[in-house]
Every structure is written in structure tokens, then in C-alpha cells.
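Let's take a walk through this structure together. Have the coordinates open in your viewer, and we will begin with one residue before moving out to the whole chain.

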Amino acid sequence: MDNNVSAGSAGSTSTLGHLALGLTLLAFGVGNTGVIDNVTAADTAALATWVGGVALFVVGLLEFRAGNGGSGTAFAGLGAFWFTWGTAVGAETSAEAAGLFMLLWALLALTLTAAASGSGVLGQGVYGLLTLALLLGGIAAFAGNEGLAKAGGWVGAVAGLVAWYGATAALAKWPTFTGRAAGRRGVTATG
């Protein structure tokens, strides 16, 4: 890639990243809840691998290129998580290994939550909910508790909806609960 060619603005790649994260989390979460007959989290493996994994990783690289290390770290790190999870679905692993996998990635999500402290309720909320979903999933795997796994799925689905709303708000200039509509500076959501 020519270094003189723009990789896109941080806002546009960040919006794409949040859309990819939102769709992946929503599908993964709904799959874990069991709310739709014959749809499990394993059924979301292809989406997790390609949208959550590859697309998020590429968006992370574009964010780094645009000089946005925070979003670059978030999207590339989460891309690695989703790619690893998506390609491992169906492999024989112990419940303890699955639980450890989820808890270790919860540490990344916790780091992203802390790093997003100035980004408002949507930005920090996505990563906070993701942290909780991964913690619940990890504990559920260790304990063999289907109820906790479903609770983690619901939290993951809500995180996906929050990420989707944040990205959609950025594109549609909807309110972002920071006192102004996304994409508009100095204008409140009511005026």
C-alpha cells in the first residue's frame, strides 16, 4: 500500500469496526441463549471467523495506520479473539480449557473497558458488557452451568446491540447519550 494513500478516516473505519463487532456479538450472544430453536453459538462460527475475526483485524490495522492506537488495539485484539474462537469451534477441548480461554480474553475486554473511560456510555458500555459476557461464559464452562452460559449469551447480545447502535448512530447522526448527536460537534441532541 502506498504510504501517501489514506487508509480512510479513523471515524469511518471505527464505525465499520463497531458494526462488525456488534453483528458478531449479537449472533454469538443469541446463539448462546438458545432463544431460537436449533441455533447455537457454534452456528455462528463462520460469522465469528470472517466478520468478527478477519474483518475486525483488518479494521484494527487501518486504525493503527490512521494513528488511532486505542481503536487499533481494540479491533485487532478482538479480531484475534473471534478468529481463534471461530476456527476452534467443534474441536475437542476440556471445559476447563474453554473456561480459561474465555477468562483470559475477558482480561483484554477489561483492558478495553478501562481504556474507553472517556468515550461515553456507548463506547465503554460495549467493552464492559463484553467483559461480563466473557466472565459469565468462562465461569459457566468451569462450573458446567448452562444457566450462566445463557446469561452470558444475553449479556453478549446486549453488547452487540449497543455496538450496533453506536455505529448506526455515527452514520445516521442519532443521539449517542453524550449530549450531542454522533458526527456533529457542539450541537446537543435536542438542538
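## Starting from Thr168

Leaving aside its neighbours within four places in sequence, which residues is Thr168 in contact with? They are Leu19, Lys173 and Trp174, where contact means heavy atoms within 4.5 Å. Thr168 is found in helix 6, which covers residues 146–172. Its relative accessible area is 15%, so Thr168 is buried (buried means under 20% relative accessible area, exposed over 50% and partly exposed in between, with a 1.4 Å probe and protein chains only).

## About the model

This is a predicted model, in which local features need pLDDT of at least 70 and side-chain atom pairs count only at pLDDT 80 or more, while totals for chains, interfaces and linings use all residues. Residues are numbered from 1 along each chain as its sequence is written, and side-chain values use heavy atoms, with hydrogens and water left out.

## The chain as a whole

The protein chain has six helices and zero strands; these are DSSP runs numbered from the N terminus, with helices being H or I of at least four residues and strands E of at least two. Of the 191 residues in the protein chain, 39% are buried. Among contacts with a separation of 6 or more, 64% are between residues 24 or more positions apart.

## Helix 2 and helix 3

Helix 2 (residues 45–65) packs with helix 3 (residues 69–88) at an angle of about 155 degrees, and their axes are 7 Å apart. Axes here are lines fitted to C-alpha atoms, for helices over the stretch in contact, and angles run from 0 to 180 degrees between N-to-C directions. The two helices are therefore roughly antiparallel to each other (under 35 degrees counts as roughly parallel, over 145 as roughly antiparallel, 65 to 115 as roughly perpendicular and the rest as oblique).

Trp50 also has its place in helix 2. With a relative accessible area of 56%, Trp50 is exposed. The C-alpha atoms of Trp50 and Thr24 are separated by 9.6 Å, and the two residues lie 26 residues apart along the chain.

## What the record says

An unreviewed UniProt entry lists "transmembrane region" for residues 44–62, 74–91, 97–118, 125–145 and 151–172. UniProt positions are given in the numbering used here, feature names are shortened, and annotations may be inferred rather than shown by experiment.

In the model, residues 44–62 are 95% helix and 0% strand, with end C-alpha atoms 25 Å apart. Residues 151–172 are 100% helix and 0% strand, and their end C-alpha atoms are 31 Å apart.
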